[in-house]
Amino acid sequence: MEELAANEEGFGPLRDALGIDYDFSVHCHWEFDWKDSLALARAVANSKPWWLEDPMPPDFSDTWVRLTEESPVPILTGENLYTRQGFLPFITKQGCHIIQPDIPKAGGLLECKKIGDLASLYNIPMCGHGVSTPLGLIASAHCATTV
């Protein structure tokens with residue numbers, strides 16, 4: 001409870017300092033279970049983060065669907081998923097609000113285009129994971145223009 005309160009108290013002033021013109025996200029590094037992910041989402045909801053990133057371990061389970069349904073903050077995941085098969089249950093079962101493939105990990109430019117096309121069939125937006133070299137960032141931008 002103490003850590004939840006600290007997060008709630010910390011993100012509130014961040015929103016106040018940034019105003020409404022700048023977005024921020026809350027990256028969780030796959031450290032929580034469903035119950036704690038939902039508690040964190042509720043704790044930071046008033047600060048209106050863009051999304052809660054990777055709150056639970058990357059493998060799909062039905063708890064991703066429950067979290068997505070109940071979270072007041074959009075749920076984003078995907079930087080540690082591989083190929084369309086890794087994204088498939090998250091997309092078809094609505095296990096997140098936004099997908100975030102990492103181009104080299106997910107299978108390259110063409111595979112990411114296919115992942116994005118699949119997500120668009122389910123009205124799930126895609127945000128490329130951009131932690132890479134300058135060349136990787138350019139590749140992400142090229143992929144984004146095609147999705």
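This is a predicted model: local features need pLDDT of at least 70, side-chain atom pairs count only at pLDDT 80 or more; totals for chains, interfaces and linings use all residues.
Biologist: Okay, the core. Which residues of the largest nonpolar core touch the most other members?

Modeller: General idea: a nonpolar core is a set of buried Ala, Val, Leu, Ile, Met, Phe, Trp, Tyr and Cys residues joined through side-chain atoms within 4.5 Å. Buried means under 20% relative accessible area, exposed over 50%, and partly exposed in between, using a 1.4 Å probe and protein chains only. Here the largest core has 30 residues, and V26, L52, F87, I91 and I99 touch the most other members. Helix 2 (34–44), helix 3 (62–70), helix 4 (83–92), helix 5 (103–106) and helix 6 (108–121) each supply at least two residues. Helix 2 gives the most, with 5 residues. Helices (H or I, at least four residues) and strands (E, at least two) are DSSP runs, numbered from the N terminus.

Biologist: Which residues of helix 4 are buried, and what covers them?

Modeller: A handy rule first: an α-helix has 3.6 residues a turn, so residues three or four places apart point the same way. In helix 4, F87, P89, F90 and I91 are buried. Their cover includes helix 3, strand 3 (75–77), strand 4 (98–99), helix 5 and helix 6. Contact means heavy atoms within 4.5 Å. Leaving aside neighbours within four places in sequence, F87 is in contact with T77, G78, L81, I99, Q100, P101, A106 and I115. Just after helix 4, Q94 takes a positive phi of about 60°.

Biologist: And C112, buried or exposed?

Modeller: C112, in helix 6, is buried, with a relative accessible area of 0%. Not counting residues up to four places away in sequence, C112 touches P101, I103, A106, M126, C143 and V147. The C-alpha atoms of C112 and V147 are separated by 8.8 Å, though the two are 35 residues apart along the chain.

Biologist: How many aromatic pairs does the structure hold?

Modeller: Rings of Phe, Tyr and Trp (its six-membered ring) pair if their centres lie within 6.5 Å; planes under 30 degrees apart count as stacked, over 60 as edge-to-face and the rest as tilted. The structure holds 4 such pairs. One of them, F11 with F24, is stacked: 5.7 Å centre to centre, 10° between the planes. F11 sits in helix 1 (residues 2–18) and F24 in the loop between helix 1 and strand 1 (26–27). Both F11 and F24 are buried. W64 and F90 are edge-to-face, at 5.2 Å and 75°, and link helix 3 to helix 4. W64 has a relative accessible area of 1%, and for F90 the value is 1%. F60, W64 and F90 form one aromatic cluster.

Biologist: Last one: which residues line the largest pocket?

Modeller: Rolling a probe the size of a water molecule over the atoms shows where empty space is left. On a 1 Å grid over the protein atoms alone, a pocket is an open set of points where a 1.4 Å probe fits, with protein on both sides within 12 Å along at least five of seven lines; lining residues have an atom within 4 Å of a point. This pocket is lined by M1, E3, L4, N7, F32, D36, A39 and L40. Helix 1 and helix 2 are the elements that give two or more residues to the lining.

Methods. Residues are numbered from 1 along each chain as its sequence is written. Side-chain values use heavy atoms; hydrogens and water are left out.
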